Structures are given as C-alpha cells and as structure tokens.
Amino acid sequence: MSAIQETFKRVEKKYIVTDIQQQKLIAAMAGKAEMDNYGLTTICNIYYDTPNHQLIRTSMEKPVYKEKLRVRSYGVPGKDAKVFVELKKKYKGVVYKRRVDMSLEQSYEFINFGIAPGKNPQIEKEIAYFLDFYEGIAPAMYLSYDRVAFAGTEDPNLRITFDSNITYRENEMRLEKGIWGDKLIDEHTRIMEIKIPGSMPMWLSSLLDELKIYPGSFSKYGNAYKKVFSETLSRSGRPQQFNADNEKGKVNYCA
C-alpha cells in the first residue's frame, strides 16, 4: 500500500467544459492518460473562514498570494473514518498544499481544541498557526462533488480531473451530516482541472486546442459564497454577513 502524499507543489489550471467535451477528451487521451484506481469518487469538504469571510473575499480579488483551510473526506465519514485537514496556498500561480490525515473525531479535537493527533507535527504546527492567526475562524461552507480522475501514463504526476454534481450548503456543516444542499452548476457542466508539476505536455495542449477547451476561472467556494450572498441580499434587501458557530458547525445570518 502506497504512503499517503502529504505535500504538493504544482500548477493547477481550470476549465469549464460540457459533458460532451469531457467524453471527447477522455476518448482522445487513450494511451496517454488512464483513470486512476479510485474511479468515480465523491469528495466532501468543509471550508473554514472568518466571520466576515475574509479568506474567500480576499481570494476572489485574485491576489498574488492566497490561502485556505478545509477538511476533506471521500464519501460520508463516520467518526472513526479517515479525513484530511488541508492547508492550501497559492503564490504566483503555483499551488502548495500541505495535508495530514486523521479520523473525523480527531479533526474536531484538533481544529476546535488544539489537540494534535501527532501524525505529522510539522504540518500540524502550520495548521495550528493558521487557525490561531485568523480570529474566529470556523466552518463556513460545505461543498461536495463527484470526481473522475486521470493520471498520465508516462508522467503519473500529471493529473486531469472532472468534477460534476457540485453541491453546497451553509448550514449543518459537518461532513457526517451527509451529501445534500443546493446545486452549483447544471448537470451537463464539468469543472476540469489539469494539475502539473511543470509545463503541460504538448499532446495535451494540442488536444485542448482541437476540442476548443480554454482555461476558465472557477472557484467552487467562491461561487457558492456569491450565491449565498446574493440570495441573502434578495431576501433582506440589504447586505448581511453570516457568522459560523464553531461548536455546532452551523451558520446563522445576522444583521
């Protein structure tokens, strides 16, 4: 069994494609990239933010440097199931991700009470510093999606992923509460990401040109945040902020 990768440094490029473009690209990649061993997986995330959503508001301004924290599971976890606490940073277009695996119960003890599981002390210290730096940080958005991932046959560090059925909610923000919420995109749209340690292979660049697939900016958390904000504004007629309850994992609107 291979060791869990805990650190990543790569360039991540996003594309908004149709299901038809996805099918054509997958067919054209035959022999160059293969589906990974997991097949279709459902990825569930809790994104953390400050009460005024400083992290996502900063990210949407497209700064040179940005960072975020999330807890991720594959499927709906029980208290003893493995989750990943991930600290993701982006600087000048390069993504640096640090993550540590632990049980769901351990993740609550770590994030809420600072009880580190001791799986990787260095990464745990970095995450603890992040939590201490951002005052009032708490669960802010649930996001899940179905993912199909491919890896390059010659270079397994090349990864191509297709995400669909993106679901979000701003309450009951615990991974064990299940997969439910509002849909972020329509059923025929996919968010494709190409993750590469260096330059893109020429064969892949040629395929993208042939299929008229072009880079497009899309933040799952950012777009979910904008939807929540616009819905809140339309209900009240004036802007509001929503604050996270760290203990209950819920978000309540406040004037």
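**Core.** I began with the largest nonpolar core of this predicted model, which has 24 residues. Within this core, I found that Leu69, Val85, Ile127 and Leu175 have the most contacts. I then listed the elements that give two or more residues to the core: the strands S2 (33-49), S3 (65-74), S4 (82-91) and S5 (94-103), together with the helices H3 (104-113) and H4 (121-133).

I noted another core lying apart from the largest one. This other core has 19 residues, among them Met29, Leu158, Met192 and Met200.

**Val85.** I asked which residues Val85 touches once those up to four places away in sequence are not counted. I recorded contacts of Val85 with Leu69, Arg70 and Val71, with Arg98, Arg99, Val100 and Met102, and with Ser107, Ile111 and Ile127.

**Strand S1.** I next looked up the pairing of S1, residues 7-18. S1 runs antiparallel to S5, and four bridges join the two strands. In this pairing I located Thr7, whose bridge partner in S5 is Arg98. S1 also pairs with S9, residues 189-196, in the antiparallel sense over eight bridges. Here I located Thr18, whose bridge partner in S9 is Thr189.

**Confidence.** I checked the pLDDT last. The protein chain averages 90, and 89% of the residues score at least 70. Over residues 238-255, I found that the pLDDT is below 50.

Methods
Residues numbered from 1 in each chain as written. Predicted model: local features only at pLDDT ≥ 70, side-chain atom pairs only at ≥ 80, totals over all residues. Heavy atoms only, no water. Core = buried A, V, L, I, M, F, W, Y, C linked by side-chain atoms within 4.5 Å. Buried < 20%, exposed > 50% of the residue type's maximum accessible area, 1.4 Å probe, protein only. Contact = heavy atoms within 4.5 Å. Pairing = 2+ DSSP bridges. pLDDT = per-residue confidence, 0-100.
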